[in-house]
Amino acid sequence: MPTLEKPRAFSFPSFQDYFEKCKSFIATVQDELAISIAHDPVASDQQARTIESYRVGMREILAFADSYLDLAEAEALKKLPPRSKELTDLDRETRVAAAVSTERRFRDVVKGICESIDTRVSYVQTRLRVFSAAEGQKFT
């Protein structure tokens, strides 16, 4: 009977290191999204394929961004004094939100890019269906 090995601990790079590592990839994807969709069906299909090729990488970055945000919130909570009459739950939430604003902004930008990729691909697919129907072609 095979024995299971103990899983190795996975260590995250610091948020700043990860952010720096991802910046150029994110900028590339943003530059690609900034290009208007071509009117020509063949060109727009190629644009959709190109942007779709970035989807997996952006989803991975989003997963890490969510993790960094969770970790930052947990650390920020640890640093807060306990609940008291001077420090309400709303005060604590506000302080935690302020403490993790960089991580949240990073996550929100990445999430927006992921949504833009999905929207662009869906839009181009719809246009191609309309075009093919007008041309009497059928997708199988």
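Predicted model: local features only at pLDDT ≥ 70, side-chain atom pairs only at ≥ 80, totals over all residues.
1. Helix 1 (15-33) contributes most to the lining of the largest pocket, supplying six residues.

2. The residues around the largest pocket are Phe15, Phe19, Lys23, Ile26, Ala27, Gln30, Thr102, Arg105, Phe106 and Val109. By type, the lining divides into six nonpolar, two polar and two charged residues.

3. Glu103 sits in helix 5 (residues 101-134). Glu103 is buried but forms no salt bridge, and the nearest side chain of opposite charge, that of Arg104, is 7.8 Å away. A salt bridge needs a nitrogen-oxygen separation within 4 Å. Not counting residues up to four places away in sequence, Glu103 touches Phe15, Tyr68, Leu69 and Ala72. Phe15 is also one of the residues lining the largest pocket.

4. Side chains of opposite charge can pair when their charged atoms come close. The structure has nine salt bridges. One of them joins Asp118 and Arg59, with an N to O distance of 2.4 Å. This pair links distant parts of the chain, with Asp118 in helix 5 and Arg59 in helix 3, 59 residues apart. Asp118 counts as partly exposed because its relative accessibility is 27%, and Arg59 is likewise partly exposed, at 36%.

5. Another salt bridge connects the side chains of Glu75 and Lys78, at 3.1 Å from N to O. Both residues belong to helix 3 and stand three residues apart, about one turn of the helix. Glu75 is partly exposed, with a relative accessible area of 39%, whereas Lys78 is exposed, at 63%.

6. Asp108 and Arg107 form a salt bridge of 2.9 Å, N to O. Which of these two is buried and which is partly exposed? Arg107 counts as buried, because its relative accessibility is 17% and the cut-off for buried is under 20%. Asp108, at 39%, counts as partly exposed. Elsewhere, salt bridges with shared partners join Glu52, Arg55, Arg59 and Asp118 into one network.

7. Arg83 lies in the loop between helix 3 (55-79) and helix 4 (89-99). Its relative accessible area is 61%, so Arg83 is exposed. Leaving aside neighbours within four places in sequence, Arg83 is in contact with Asp89 and Arg92.

Note on methods
Residues numbered from 1 in each chain as written. Heavy atoms only, no water. Helix = DSSP H or I, 4+ residues; strand = E, 2+ residues; numbered from the N terminus. Buried < 20%, exposed > 50% of the residue type's maximum accessible area, 1.4 Å probe, protein only. Lys, Arg positive; Asp, Glu negative; His and termini not counted. Contact = heavy atoms within 4.5 Å. 1 Å grid on protein atoms, 1.4 Å probe; cavity = no way out; pocket = protein on both sides within 12 Å on 5 of 7 lines; lining within 4 Å. Nonpolar A, V, L, I, M, F, W, Y, C, P; charged D, E, K, R; others polar.
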